[in-house]
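I opened this entry to record what I looked up in one protein model. The sequence and structure come first.

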Amino acid sequence: MAVPVTSDRHLITAPFVLASDVHIQDLTDSRSQLLLDAFERLAPEVEALVLNGDIFDFCFGESSYFRRKFRPFGAALENLVTRGIRVYFIEGNHEFHLERIGWDGVQIVQSRDFIVTLESGHRIKLMHGDLLLDEPIYRAFRATLKSQFARRTAALVPGKLLDAYSSRHAKFSRAQDRYRTLNHDKILSAFTNWLTLDECHHGVIGHFHVPYAEKHADGKRMMLSVDCWDKPNLLLFADGDFSRVYLSEPGAPFEATPAQSFFSEA
């Protein structure tokens, strides 16, 4: 049964709103337009907006080129901050050195783990997700790409050239996705262990493009992730429950549905 977001279904009133893995290439594309439209319709009841990584297909905060390219996006987030909404941008594996992007009031999170506490007392633990499995080779590779040496080196490359190269690489990587299979047992086992480490009510990750909504081993907490943005969507938390909103077009009414186990839908 659908859960109304508001009585008129044109505003989002959930205290916690999360988007992840949008992979925006340009602010004129439909993905960005849907997300920016959703930003404009966050009601005063929203306490926290979390952007859980890979919002951009590629963004290098050191570069003036990318700061100009995504300035309207940053301005939209700054506007939310002035309205009293806490905005957290958790850096994903497609974003680099966002601490230098210059968005006033937007909290850039570069640590692996982060916890958001709501006025209700609910504590939601967050991670982008690429480090969930803690694979040594990938961890070393990521650390190299995120290093200050890599930042200084990339800063020497013209932004437009860096953008073109990263877009081609991302397109190739996405083309390989159809051949990849996820080991759900391995992911959920790591998810369970990760959530167990902290006193939190629930945990949310991104990265895998799979809409998990699974009970933790303790039977009380929930482990969730966000669906692929080929089906643009938001994850909401209100009154102790999670729901999803699938976005169709700017201005269209919102309709939230309870987050259900990924495996019950398979």
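My notes on the fold, the surface and the cores follow.

I am working from a predicted model, in which local features need pLDDT of at least 70, side-chain atom pairs count only at pLDDT 80 or more, and totals for chains, interfaces and linings use all residues. Residues are numbered from 1 along each chain as its sequence is written, and side-chain values use heavy atoms, with hydrogens and water left out.

I looked up the secondary structure and found eight helices and 14 strands (DSSP runs, H or I of at least four residues for helices, E of at least two for strands, numbered from the N terminus). The radius of gyration, taken over C-alpha atoms, is 18 Å, close to the 18 Å from the globule rule for 266 residues, so the chain is as compact as a globular protein of that length. The rule is 2.2 Å times the number of residues to the power 0.38.

I checked burial next: 50% of the 266 residues are buried, meaning under 20% relative accessible area with a 1.4 Å probe, protein chains only.

I then looked for nonpolar cores (buried Ala, Val, Leu, Ile, Met, Phe, Trp, Tyr and Cys residues joined through side-chain atoms within 4.5 Å). The largest has 43 residues, and Leu 35, Leu 49, Phe 73, Leu 77 and Phe 89 have the most contacts inside it. Helix α1 gives this core its largest share, five residues. Another core, of 21 residues, lies apart from it and includes Phe 16 and Met 222.
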